[in-house]
Amino acid sequence: MLDIKKLTQEVLDNKIKNRFPTGDLNHEFDLLGKEVTEVGEVLDNPTKLIKELADVVIFAMSMARIVGQDLEQAIVDKVEFNKNRTYKAGTYRE
């Protein structure tokens, strides 16, 4: 099983090692937005797509760490919530 807490620490350690900012939520959000844009640019290339999606997850992990939240538990909770939720019309395709 993937250990998001451990990976989040590895991301932080790498940022510290390379002298990247580690506590600026707005900066991380800006970078996350750029990564999401890059995902849209490579939708036709699965090899590049998966790498960009990994970057999106890495920035999400960094943001969760900055605000002191457990992203791993939040994902588990959200998956469980989604199993039983009612989706608004138009948010999915039939």
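Trainee: Which residue just after α3 takes a positive phi?

Mentor: This is a predicted model, in which local features need pLDDT of at least 70, side-chain atom pairs count only at pLDDT 80 or more, and totals for chains, interfaces and linings use all residues. Residues are numbered from 1 along each chain as its sequence is written, and side-chain values use heavy atoms, with hydrogens and water left out. Just after α3, a phi of about 70° is taken by G68.

Trainee: How many helices and strands are in the chain?

Mentor: Helices (H or I, at least four residues) and strands (E, at least two) are DSSP runs, numbered from the N terminus. Along the sequence the pattern reads α-α-α-α. The chain therefore has four helices and zero strands.

Trainee: What span does α3 reach from its first C-alpha to its last?

Mentor: The expected span of a helix is 1.5 Å times one less than its number of residues. α3 has 21 residues, and 30 Å is expected. The reach in the model is close to that, at 30 Å.

Trainee: Is α2 roughly parallel or antiparallel to α3?

Mentor: Axes are lines fitted to C-alpha atoms, for helices over the stretch in contact, and angles run from 0 to 180 degrees between N-to-C directions. Helix α2 (residues 25-41) and helix α3 (residues 46-66) pack with axes 9 Å apart, at an angle of about 165°. Angles under 35 degrees count as roughly parallel, over 145 as roughly antiparallel, 65 to 115 as roughly perpendicular and the rest as oblique. α2 is therefore, relative to α3, roughly antiparallel.

Trainee: Which residues of α1 make the contact with α3?

Mentor: The axes of α1 and α3 cross at roughly 90° and come within 10 Å, so these two helices are roughly perpendicular. Contact means heavy atoms within 4.5 Å. From α3 the contact is made by I58, F59, M61, S62 and R65. From α1 it is made by I4, L7, T8, V11, L12 and K15.

Trainee: Which helices are included in what covers the buried residues of α3?

Mentor: Buried means under 20% relative accessible area (1.4 Å probe, protein chains only). In α3 the buried residues are L49, E52, V56, F59, M61, S62, M63 and A64. Their cover includes α1 (4-17), α2 and α4 (71-84).

Trainee: What percentage of the residues of the chain count as buried?

Mentor: The C-alpha trace spans about 45 × 30 × 30 Å along its principal axes. The chain has 94 residues, and the share that count as buried is 19%.

Conventions
Buried means under 20% relative accessible area, exposed over 50%, partly exposed in between (1.4 Å probe, protein chains only).
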